[in-house]
Amino acid sequence: MSFESLGLRAELLRAVSEKGYTTPSPIQLQAIPHILEGRDIMGGAQTGTGKTAGFTLPLLQRLMESAKPENSRRAIRALVLTPTRELAAQVEESVILYGKHLPLKSTVIFGGVKINPQIQKLRSGVDILVATPGRLLDHVSQRTVDLSKVEILVLDEADRMLDMGFIRDIRKVLALLPKQKQTLLFSATFSDEIKKLSHDLLNTPALVEVAQRNTTAERITQVVHPIDKNRKRELLSFLIGSNNWKQVLVFSRTKHGSNRLAEQLNTDGITAAAIHGNKSQGARTKALADFKSGKVRVLVATDIAARGLDINQLPHVVNYELPNIAEDYVHRIGRTGRAGNEGEAMSLVCVDELKLLKDIERLLKREIPKVVLEGYEPDPSIKAEPINRGRGNQPQGARKPAGNRSASDQNKQRSSYGARAGNQGRSQNQSSQNRPRRTTQNAA
Ligand code: AMP
């Protein structure tokens, strides 16, 4: 199936072919015809599936088809809401890219940067506005944006917008839009909250879904390296250095932890930058640009900052710490093996994280191979300590603090660790070619 057969207009086909795409991705194949027909969409797709082009291409076409020549004062006709600044910027880049042969104008607005240049841009008139909800409402309150002519609304990564607490902002925005419009909702997961939102918002939507949330792409090789917490950094530096990895995305649970890890890697002679919500927009953009250009080898990110980052053909993703929420694991490893490329996702897991690992394996409906690396065997005398799970997906009290757990509970946890490490397809002796050899330098 080709892009031509989807019925896209020549200007779009030209932009797509200039970008080098030859075949539509599955989500594009499914979504584009429905959107061109004017239907609402409930799309189950995460970043990496090609969903951005999946909604941008038909959105541009619809705007061209319904363009009214007499409407010379440009009104905002399409609104794309995204959870993060990075995703907003990337979506707008796609709008510019795919729309480059069309006379449509777009802009992007997000917080963390000055509002005045955005106001200027809006004043000059745009057809397509990409925005994060908070900053959009700032503009609404300053009356610098008029949403009353919106024909198409896209909610991109709706699940993450809800996770980030944007539901009230979203509802405020919805109240400002015309009742009659086409709505496209994309979400990697379908929680009850998402279902409720889509029920309120969508009109007999077409359901399109690829790579269901519980099935991770097969082309991603996943492995867990059991390791003591205090030796994770040493192992990470060793893996990066000994394999000569040039581009690695590393996930850390906290903003502070990601800063510290980036600093430590730099001290180890591995260029690294951190990206998280406390960094200024300028620092985030620079870190991403340096990473993309190869100036820094490692980008250490928190889940929210990394969400939606479009970094092509990312070969390695490392979970320095497992996420609190199992579904975030799927998002994280979705950064690798993108658009048909092979990828490797590795998780450095200490004894405290075994419960999180279980949650992830339950979600994936499979075990992730465990490979104990020679010289980095976990110390069996170290007992698990509770992790502050923050906004966890566990019912309260599901995890007893270590102090309240019985010795047998703790032993169970210990033994599952040991057993798994040895029971997997790849044993210690067969472990990957990455296996470090213990050297005096590596001994703690
Ligand atoms: P997205 O899921 O929209 O973030 O897209 C993931 C990546 O796939 C981006 O780098 C796109 O440029 C790329 N991409 C999108 N559509 C195609 C396609 N049909 N063929 C090849 N690559 C694509």
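Predicted model: local features only at pLDDT ≥ 70, side-chain atom pairs only at ≥ 80, totals over all residues.
Let's start with the pair. Helix α14, residues 326-333, meets helix α15, residues 354-364: their axes come within 8 Å and cross at roughly 70°. So α14 sits roughly perpendicular to α15. Who's touching whom? On the α14 side we have A326, E327, Y329 and V330, and α15 brings D359, I360, L363 and L364. Sort the residues of that contact by type and you get six nonpolar, two charged and no polar.

Next up, helix α9, residues 192-201. Which of its residues are buried? Those are I194, L197, S198 and L201. They're on the same side of α9, because they cover an arc of only 95° around the axis.

Last stop, the backbone. Most residues other than glycine have a negative phi. Now look at R143: not a glycine, yet its phi is positive, about 55°. You'll find R143 in the loop between α6 (133-141) and β5, and it's exposed, with a relative accessible area of 75%.

N244 also has a positive phi, near 55°, and that's again a residue other than glycine. N244 lies in the loop between α10 (232-243) and β9 (248-251). Is N244 exposed or partly exposed? Partly exposed, at 44% relative accessibility.

Methods:
Residues numbered from 1 in each chain as written. Heavy atoms only, no water. Axes fitted to C-alpha atoms, helices over the stretch in contact; angles between N-to-C directions. Helix = DSSP H or I, 4+ residues; strand = E, 2+ residues; numbered from the N terminus. Parallel < 35°, antiparallel > 145°, perpendicular 65-115°, else oblique. Contact = heavy atoms within 4.5 Å. Nonpolar A, V, L, I, M, F, W, Y, C, P; charged D, E, K, R; others polar. Buried < 20%, exposed > 50% of the residue type's maximum accessible area, 1.4 Å probe, protein only. Arc of directions from axis to C-beta.
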